[in-house]
Amino acid sequence: MTSTVQRLGIDVRPLSGHTGAEIHGVDLSQQLDDATIAEIRSALLRWKVVFFRDQSIGHAEQIAFGVRFGKITPAHPHEDAPPEGFPQILPIDSRRYEKKFGKRKITYDNGWHTDVTALVNPPAGSILRADIVPPYGGDTAWTNLVAAYQGLPEELRTFADRLRAKHSFSPRLLAGTPYGAKIASNPLVAIHPVVRVHPETGERALFVSPSFTSGENEIIGFSPRQSHRILDLFYEQIARPEYTVRFRWSPGDVAFWDNRATAHLGPSDLGHLDFDRVLYRITLEGDIPVGVDGRQSELVAGQPFLAG
C-alpha cells in the first residue's frame, strides 16, 4: 500500500504519521485553478503543513498564491521595514537580525510557537519561502496540535477543555534595544482557550504556544507555580516526536502551514556557524479562536490584526 495520494494531477506525499506532506505537480508561479486550490486546502487541513519543492517565485507570486486562501495581513504587528513595495512580506533574515538587534541571530524565535498568538485573532496560516539557506543545518520542525490533543489521556483532555490562558508578546529578550522599546510601547495581549475548535474541520487543537504563554499567571485562575506545572504538561505533549515533522530547506522551497493547528520550531544549530539564512513569510488574516464551550478569545491589549 502506497502513502502517495494522487488527485487531479497533484501528488501528495505524506512525510510522517501525523504531520506534513510534500505536494508535487504544482507550479506556484502559475495561476492555479479552483480545483487545484481546493486540493491544496484539503491536504493542508489533513496534514497541517504542506511543502512545495524548487519553486521559482518572488514576492509577488508568493502573495498571489496566498490570496487564493484568504486575506493577506501586513508583515507583522511590530514590523517596520518590509521589502520595498511589499508590506505583506516579513523577511526572516540573519543579516537583518544582526543589524537590528546588534548580535547574530538566525531567526527571531527559535522556541516552539504558533505565530503571533498574542493577537486576539492570530494568523490563520503562514506561507514561508526559502531564498538563501545554509549548506547544512537550519531545519524547521512543525508539530500537529490536533494530534497532540488527541494523544492526551481523556481526563487531561477534559481538564484542558475548560482552561483559558493569557498570551502576550514579551520584549524580555530584546530589553534595551530600540525594537524592544517599540514592542513595549504597543503591547499585545489576548486570552485564548487552551483548546480551540478549528473553524473548518471542527477538530480540537491544544492551543498553547511556549513563546507566548511563558510569563506569570498564564493559566487563568491558577497561581504562577500551578500555571507553570500545567503548561509544562502541555508543552511536553506538543513537542513529542511522534507529532512532529522536520523539514530540510533548499532554495525555492515553500512551506504553508495551518497556524490554527500547528506550532513550529525554528533552528538553533547555526549560531556558531558563519552561514546566512534568508526566508520570506506572509500570513493570512485569522479569525478569533473559539473554545470547546463556544466562548471566543478575549482582547486584553492591542488591536485585531487585519489585512490592509
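In strand E16, Leu299 is the bridge partner of Ala190. Helices (H or I, at least four residues) and strands (E, at least two) are DSSP runs, numbered from the N terminus. Strand E9 (residues 189-193) and E16 pair in the antiparallel sense over three bridges. Pairing of two strands requires that DSSP finds at least two bridges between them. An open sheet is formed by three strands in the order E8-E9-E16, with antiparallel pairing. Its edge strands are E8 (164-168) and E16 (298-301), each of which pairs on one side only. Neighbouring strands of this sheet are turned by 25° against each other on average, direction ignored. Axes here are lines fitted to C-alpha atoms, for helices over the stretch in contact, and angles run from 0 to 180 degrees between N-to-C directions.

The model is predicted: local features need pLDDT of at least 70, side-chain atom pairs count only at pLDDT 80 or more, and totals for chains, interfaces and linings use all residues. Residues are numbered from 1 along each chain as its sequence is written, and side-chain values use heavy atoms, with hydrogens and water left out.

Another open sheet has three strands in the order E12-E7-E14, again with antiparallel pairing. Strands E12 (244-247) and E14 (262-265) stand at the edges with a single partner strand each, so one side of each is left without a neighbour in the sheet. In this sheet, neighbouring strands are turned by 20° against each other on average, direction ignored. Strand E7 (residues 140-144) and E14 pair in the antiparallel sense over four bridges. Within E14, Leu265 stands opposite Ala141.

Helix H1 covers residues 34-47. The expected span of a helix is 1.5 Å times one less than its number of residues. For the 14 residues of H1 this gives 20 Å, and the end C-alpha atoms are 20 Å apart, which agrees. The buried residues of H1 are Thr36, Ile37, Glu39, Ile40, Ala43, Leu44, Leu45 and Trp47. Buried means under 20% relative accessible area, exposed over 50%, and partly exposed in between (1.4 Å probe, protein chains only).

Lys48 follows H1. Lys48 sits in the loop between H1 and strand E4 (49-52). Its phi is near 75°, a positive value in a residue other than glycine. Lys48 counts as buried, at 2% relative accessibility. Val116 also has a positive phi, near 50°, and is a residue other than glycine. Val116 lies in the loop between helix H3 (94-101) and strand E6 (125-132). With a relative accessible area of 4%, Val116 is buried.

The structure holds 18 salt bridges. A salt bridge is a side-chain nitrogen of Lys or Arg within 4 Å of a carboxyl oxygen of Asp or Glu. One of them joins the side chains of Asp34 and Arg68 (2.8 Å, N to O). Asp34 lies in helix H1 and Arg68 in the loop between helix H2 (59-66) and strand E5 (90-93), so the pair ties together parts that are 34 residues apart in sequence. Asp34 is exposed, at 61% relative accessible area, whereas Arg68 is partly exposed, at 25%.

The side chains of Arg41 and Glu200 also meet in a salt bridge (3.5 Å, N to O). This pair links distant parts of the chain: Arg41 is in helix H1, and Glu200 is in the loop between strand E10 (195-197) and strand E11 (204-206), 159 residues apart. Arg41 is partly exposed at 27% relative accessibility. Glu200 is partly exposed as well, with a relative accessible area of 38%. Arg41, Glu200, Asp258 and Arg260 are linked in a network of salt bridges.

A further salt bridge is formed by the side chains of Glu298 and Arg295 (3.3 Å, N to O). Glu298 counts as partly exposed at 34% relative accessibility. Arg295 counts as partly exposed at 40%.

Thr19 is found in the loop between strand E2 (10-14) and strand E3 (21-24). At 0% relative accessibility, Thr19 counts as buried. A polar atom of the Thr19 side chain lies 2.6 Å from the backbone oxygen of Tyr243. Leaving aside neighbours within four places in sequence, Thr19 is in contact (heavy atoms within 4.5 Å) with Trp47, Val49, Trp142, Thr143, Asn144, Tyr243, Thr244 and Val245.

Technical notes: A polar contact is a pair of N or O atoms within 3.5 Å; within protein, one must be able to donate a hydrogen and the other to accept it, and residues adjacent in sequence count only if both atoms are side-chain atoms.
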